[in-house]
Amino acid sequence: FANYCMIMALLEISGTNTTKDSSLDSNCYLGDIQETELLMPPRDAGYTLLKNGVQIGTNKVEFEHGTTTLAFQYKSGIIVAVDSRATAGTYMSSGRVKKVIEINDYMLGTMAGGAADCQYWERVLARYCRQFELKNKERISIAAASKIFSNMVFNYKGSGLSIGAMLIGYDKSGGHIYYVDDDAGRLSYHMFSVGSGSPYAYGVLDAGYKNGDLTDEEAYELAKRAISTATYRDSASGGICSVYHVQPEAWQLVGQYDVNELTYKYRLQA
């Protein structure tokens, strides 16, 4: 009974409520699904804190963040590559963050922005995708999954979420890459790079993409070179480069590489 009272008290303090989700697009209907809805605080303190930072003595701590994630489609599938550094302004909070969320066996999500926001909402999306699969006995399309994700984020637009995610995978119509941000923006293209290091990554990708006419090894090397260059130029990116290969049947982890070793390797080749 004591544990029950403690749990109920925590739920009351956190303002957690369970309601039906009525914001889903009609093309993405999942049936009678219960969604955990996080109630917003009675004031905009959280958003103001994230926007303006915290004043500690004469120093101002700003909640800035940076990363480099990318995905591109080529003739034999889709390549996804990310770094692993997490930052809070000039403070490097972690060098081993897993920035690829494995939504299911044929769909991946990446995260840029706030790690907690991206991880939480992409895991909620994974639950929706699994429920759709159980109910309809088929895969949910990447377009529908990205629309559900966009609709969920739209409910909290302007509340301080920090999300710049990509959804990558295959369905009946082929391979797709969708970008979804915290303003509920939703875009589809054959190539994306998201994060503070993305301008440097785009330069390498544009130079070596060859309209997608790449072998597997060339595609892996292009992804590693793009992440390596971004981490060399962008101090908020670094750590380990993780490369995934997404195909119609499933995705696979190609490998994980120290970006410092990659940088030395490509410098010697230049």
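Guide: Let us begin with a pair of helices: the crossing of α5 and α6 is right-handed. Please bear in mind that this is a predicted model.

Visitor: What makes α5 and α6 roughly antiparallel to each other?

Guide: The axes of α5 (198-208) and α6 come within 8 Å and cross at roughly 150°. Angles over 145 degrees count as roughly antiparallel, and α5 and α6 are therefore described in that way.

Visitor: Which residues meet where α5 and α6 come together?

Guide: From α5, the residues are Y200, A201, V204, L205 and G208. They meet L222, R225, A226, T229, A230 and R233 of α6.

Visitor: Why is α6 called roughly perpendicular to α7?

Guide: The axes of α6 and α7 cross at roughly 105° and come within 9 Å. The range for roughly perpendicular is 65 to 115 degrees, so α6 is roughly perpendicular to α7. On the α6 side, E221, K224, R225, I227, S228, T231, Y232 and R233 take part; on the α7 side, V259, L262, T263, K265, Y266, R267 and Q269 do.

Visitor: How do you know that the length of α6 is close to what is expected?

Guide: Helix α6 covers residues 216-233, which is 18 residues. At 1.5 Å a residue, 26 Å is expected, and the span from the first C-alpha to the last is 26 Å.

Visitor: Which residues of α6 are buried, and what covers them?

Guide: The buried residues of α6 are A219, Y220, L222, A223, K224, A226, I227, S228, A230 and T231. Their cover includes the strands β5 (69-74), β6 (77-82), β15 (240-246) and β16 (251-258), as well as the helices α5 and α7 (259-269).

Visitor: What can be said of the largest nonpolar core?

Guide: The largest nonpolar core has 30 residues, of which L125, I140 and F149 touch the most other members. Two or more residues come from each of β9 (100-104), α3 (115-136), α4 (142-154), β11 (164-171) and β12 (174-181). Helix α3 gives the most, with 8 residues. Apart from this core lies another, of 23 residues, among them M191, V204, Y209 and Y266.

Visitor: Which residues are in contact with I140, leaving aside its neighbours within four places in sequence?

Guide: They are Y106, M107, C129, F132, A145 and I148. One of these, F132, lies in helix α3. Since buried means under 20% relative accessible area, F132 is buried at 11%. The C-alpha atoms of F132 and A145 are separated by 9.9 Å, and the two residues are 13 apart along the chain.

Visitor: Why does T69 count as buried?

Guide: T69 has 0% relative accessibility, which is under the 20% limit, so T69 counts as buried. T69 lies in strand β5. Beyond its neighbours within four places in sequence, T69 is in contact with A81, V82, T110, M111, M166, F192, S193 and V194.

Visitor: Is K137 buried or exposed, and how do you know?

Guide: The relative accessible area of K137 is 71%, and exposed means over 50%, so K137 is exposed. K137 lies in the loop between α3 and α4. Phi of K137 is near 60°, a positive value in a residue other than glycine.

Visitor: Is A184 buried or exposed?

Guide: A184 counts as buried, because its relative accessibility is 16% and the limit is 20%. A184 lies in the loop between β12 and β13 (186-188). A184 has a positive phi of about 70° although it is not a glycine.

Visitor: How many helices and strands does the protein chain have, and what percentage of its residues is buried?

Guide: The protein chain has 7 helices and 16 strands. Of its 270 residues, 45% are buried.

Definitions and conventions: Residues numbered from 1 in each chain as written. Predicted model: local features only at pLDDT ≥ 70, side-chain atom pairs only at ≥ 80, totals over all residues. Heavy atoms only, no water. Helix = DSSP H or I, 4+ residues; strand = E, 2+ residues; numbered from the N terminus. Expected span 1.5 Å × (residues − 1). Buried < 20%, exposed > 50% of the residue type's maximum accessible area, 1.4 Å probe, protein only. Contact = heavy atoms within 4.5 Å. Core = buried A, V, L, I, M, F, W, Y, C linked by side-chain atoms within 4.5 Å. Axes fitted to C-alpha atoms, helices over the stretch in contact; angles between N-to-C directions. Parallel < 35°, antiparallel > 145°, perpendicular 65-115°, else oblique. Left-handed = near helix turned anticlockwise from the far one by under 90°.
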